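User: Please show the sequence and the model. I will then ask about the fold, the interface and some helices.

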Amino acid sequence: MMMTPFVRIPLSAFATSIVLFAGGGAYAGPQADAVARVVTQHAVPAVLDFSAQTKALEVAAKSDCTAGALAPAYNASFDAWMGLQHLNIGPVEADARGLTIAFWPDKKGMIPKALAALIADQDAAVADASEFAHVSIAARGLFALEFMIFDDTFNAYDQGSYSCELVQAITHDLAQTADHIAQEWTREDGFAATLTTAGAANNQRYLSETEAAQALYTMLLTGLENSAEQRIGRPLGSFEKPRPKRAEAYRSGRSARNVMLSVLAAREFAAAMAPETPQKTLEILDEVVTKLQDLDDPSFASVSDPFGRLKIEIIGQRIEAATDAIANDIGVPLGISAGFNASDGD
Amino acid sequence: MTSRRGFLFGAVAASVTPRLSWADAGNPAFLGAARDKNGAFALYGLSAEAQILFRVDLPARGHASAAHPTRPEAVAFARRPGTYALVIDCVGGQVLHKMQAPEGRHFMGHGVFVQDGDILVTTENNYAEGKGCLGLWQRSKGYARIAEVDSHGIGPHEIRAMSDDTLVVANGGILTHPDHGGGRDKLNLDTMQPSLAYLTPQFELEEQHVLADDLHHASIRHLALHDGLVGFAMQWQGDPFDIVPLLGLHRRGAEPVLCEAPLADQLSMKAYASSVAFNGAGSELAITSSKVGRIHRFDPDGTFLSAISRADVSGIAPKDQGYLASDGQGTLMSIDMDMRVLNAASDLAWDNHLVSLPRLG
């Protein structure tokens, strides 16, 4: 598939001061070990990467805010977000930050309206970060930036224009949010510690190792379900009425890439969490990645074509099959399952 | 002359006939259904501090229950499309009576006592005719079914009684049939029309509210009541990413007020509210979303107050000035200024609802 050039910052520069209580003595069991592995091998690196990439994007916007110049750093930030977005607990879930970073699907077309209104009013919120942190989530985060950088009605702005300031405000706000998430995950009493001390007397968030393992496990499954049902399901629409314009991030040609990165993140997550190599899970997820590469359709435009559509449908089905494999490879050996009420309300 | 048999009968009668009150049941404050680690379902009585006082086995997954206003007696309902309801003696923990839904009907999981506890009203699906109904059962006649009335909508779910015995019914609007998907397939999503209905103490329709056309997918399911103010919680049957209200407030004679959190919080609920309750003080109310593990608190004027995260949270009921909430991981927690775990019986998965019991001596 086609790739945009991606800026990468080495992680090691940031992974310095993480304090973890991994598998701390009295609480260590298979579930606690699994949680500790996910935290150290998957979650913390993802959190730091997202913070680093959004910081780089902010810096890039300061030096050259124009759309063409910003695309690579934008893509690197979005890539990093795909490594983290499924971990919608703790600092990402707090204040609904996940939706502030990635407001999608925007079913009512709120993003272009919100951006157009800011631009028309030359709204002064762009000059004040604390004020900008309170504008509508439709005008913040990666999808607002996508309009500014990739949509023809927004992206023809010059250095020094209001739109340029707006882009700088969005990138600064995004980097701030990412920084808060990273701080809250990695500080001494942060969320990494909260997860890895599950069951300790002073831990009010996770009362047992099972709860922490269950919380992460739910995120693993939900992340894949979201890719199948939303990222793939929305553009598929129905056979009579395919909806290519409902594909996630089609403006930046990232629809297929986002599915692939979410699957790769799930792969890393599953490999870290499973007590033994999760053979079947990895096999299916690898198969999905191969299929996505073979598809060679970055924005899922081929949902409108019967053959392309079938291929995309199969990818969705294989992702769903991976959730069954995860139940066997991870849920069963760790003695955890999807939530009792979460999956079956009334 | 007193025979031995007669004497014994007299002794038992003497110990039973004096009117037992909720105090004799150890003053349980809440009822909740749960699944235990062996996969068995039971109803539990909980103390004011959420400790388990008694357990009664249920034949299948439970849902909510109806507490008698004065006697230590409760009726536990099967989950849709169950046809059993058990009358439970909350002192001894025995099943006093098993109620069976009549042919062509099943229980919807909720019910309420009226007329000083002599009449139990149950929400039912009259699937034979594809409409909702209320069953009336008379306690003083051994819980005989004495009548059936219209619920004035398809899919009646929770029902509450106001202080003057006016009934409030959440007609969820969704048509189901036990022959389709185990009674849980939704058969009329295109045409569903949920409503909030008020029935007089004589079971006549007094007032009914239907939301705007573009909200016809908002299934009105659960109710909370405080001082004449009704909170109704909704479950959206459209896209879970739609931005729709999940809580409404209503006072008889007025128009419903729909409440939403700010955009990002509102979207975080996945368009689903599991339960609704006022806090004990009546100064706020809250909805839970088990789908995302989130509680949203609102002022009775409709203003959003705050969100709390707790995985798999579903049951919520008034406790002291605040709330008691339950989750599928075995936790019972009090929520007021802060959240405090009162009971972490991790081998129990608490089911959808917690029911507050009357606090009479």
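User: How many helices and strands are in chain B?

Analyst: This is a predicted model, in which local features need pLDDT of at least 70, side-chain atom pairs count only at pLDDT 80 or more, and totals for chains, interfaces and linings use all residues. Residues are numbered from 1 along each chain as its sequence is written, while chains are lettered from A and ligands numbered from 1 in the order in which they are written. Helices (H or I, at least four residues) and strands (E, at least two) are DSSP runs, numbered from the N terminus. Chain B holds two helices and 28 strands.

User: What radius of gyration does chain B have?

Analyst: The radius of gyration is taken over C-alpha atoms, and the globule rule is 2.2 Å times the number of residues to the power 0.38. For 361 residues a compact globule would come near 21 Å, and chain B agrees with this, at 20 Å.

User: Which helix gives the most to the side of chain A that touches chain B?

Analyst: Two residues are in contact if their C-beta atoms, placed from the backbone, lie within 7 Å. By that rule 22 residues of chain A are in contact with 29 residues of chain B. The elements giving two or more residues to the chain A side are H3 (97–101) and H9 (209–236) of chain A. The most, five residues, comes from H9(A).

User: Where does H9(A) bend?

Analyst: The end C-alpha atoms of H9(A) are 39 Å apart, which agrees with the 40 Å that its 28 residues should span at 1.5 Å a residue; the expected span is 1.5 Å times one less than the number of residues. A bend is the angle between axes fitted to the seven residues ending at a residue and the seven starting there. In H9(A) it is about 30°, at A:Ser227.

User: Why do the buried residues of H4(A) line one face of the helix?

Analyst: A residue is buried if 20 or more other C-beta atoms lie within 10 Å of its own, exposed if 12 or fewer, and partly exposed in between, with C-beta atoms placed from the backbone. In H4(A), the buried residues are A:Ile111, A:Ala114, A:Leu115 and A:Leu118. They line one face because, seen down the axis of H4(A), they fall within an arc of 95°, taken from the directions from the helix axis to the C-beta atoms.

User: Which exposed residues does the face of H4(A) turned away from its buried side carry?

Analyst: Helices H6 (141–150) and H7 (162–186) of chain A are among what covers the buried residues of H4(A). The face turned away from that buried side carries the exposed A:Ala120 and A:Asp121.
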